[in-house]
Amino acid sequence: MAADGVVMLNRFGLEKGRVWPAVVMLVAVFAPLLVWSQLNTIISGKESLEPNSTIELSTSTPLTAPPIDGKVRMTIPGDGWSADIADTKPSEWSLVHGQVHLDVKAISGVDDITVLFDRQARDLASETQPMFVTDTKPYSTEKDLDGVWGNLTGESYTGILAVVGRESVAAVVVVTTPPGKTTAQMGDIVLLLNSLEIPV
């Protein structure tokens, strides 16, 4: 039994009887913060992306002989970008930056970029909120990917459809913004498109 006024220490040099209350206090303070940060990510469905981080998409067409594997890489140009977790798949990512929504998809086994572009344009035109391609033109990125660019026009959104590729692998990028906002966000959009890589 300890005498009055004598502090008993445990083997860690901490006062006996004071460790567990301190641990409980730490858990009480930090656990809600940790849970809230994770819960906020789950509820919002968004995961923040660090500037200059690289995302990689991969796809495979196992029914071809030999199987065609494709990879597409994209570099996040700056702050404020996040990934929509619900729409993230190995071959497809959905990115958000303010009012910009960007879907990028990797496709392998591509014989003709123009045919793929036309198919994507038809798909967009047949959606519940249709978007129509206008002002189609050839497009090349800074990393030597060639393809087609088209502006998108719809009742609720405007945007861009870009399909670029190398050999049999292509990247399909669909950008949507509220009407009139695409031009204002063009700097970030072009930076993302120019960061596209298809390793061979």
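**A helix on a sheet**

In helix α2, the residues I113, L116, F117, Q120, A121 and L124 are buried, where buried means under 20% relative accessible area, exposed over 50%, and partly exposed in between, with a 1.4 Å probe and protein chains only. Seen down the axis of α2, these buried residues fall within an arc of 140 degrees, so they line one face of the helix; the arc is that of the directions from the helix axis to the C-beta atoms. This is a predicted model: local features need pLDDT of at least 70, side-chain atom pairs count only at pLDDT 80 or more, and totals for chains, interfaces and linings use all residues. Residues are numbered from 1 along each chain as its sequence is written, and side-chain values use heavy atoms, with hydrogens and water left out.

**Helix α2**
- The buried residues of α2 pack against β6, β7, β8, β9 and β10, with contact meaning heavy atoms within 4.5 Å.
- Helices (H or I, at least four residues) and strands (E, at least two) are DSSP runs, numbered from the N terminus.
- With 13 residues, α2 reaches 18 Å from its first C-alpha to its last, close to the 18 Å expected at 1.5 Å a residue; the expected span is 1.5 Å times one less than the number of residues.
- Where α2 starts, a side-chain oxygen of D112 comes to within 2.8 Å of the backbone nitrogen of T114.

**The sheet**
- Eight strands form an open sheet with antiparallel pairing, in the order β1-β4-β5-β6-β10-β9-β8-β7; two strands pair if DSSP finds at least two bridges between them.
- The edges belong to β1 (46-48) and β7 (131-140), each with a single partner strand, so one side of each has no neighbour in the sheet.
- Strands β9 (residues 158-166) and β10 (residues 169-177) run antiparallel and are joined by nine bridges, and A162 has V173 in β10 as its bridge partner.
- Helix α3 (residues 186-194) lies across β5 (92-97), β6, β7, β8, β9 and β10, running at about 15 degrees to β9; axes are lines fitted to C-alpha atoms, for helices over the stretch in contact, and angles run from 0 to 180 degrees between N-to-C directions.

**Two loop residues with positive phi**
- Most residues other than glycine have a negative phi.
- N52, in the loop between β1 and β2 (54-61), has a phi near 70 degrees and is exposed, with a relative accessible area of 60%.
- E167, in the loop between β9 and β10, has a phi near 55 degrees and is exposed at 72% relative accessible area.

Terms used:
A polar contact is a pair of N or O atoms within 3.5 Å; within protein, one must be able to donate a hydrogen and the other to accept it, and residues adjacent in sequence count only if both atoms are side-chain atoms.
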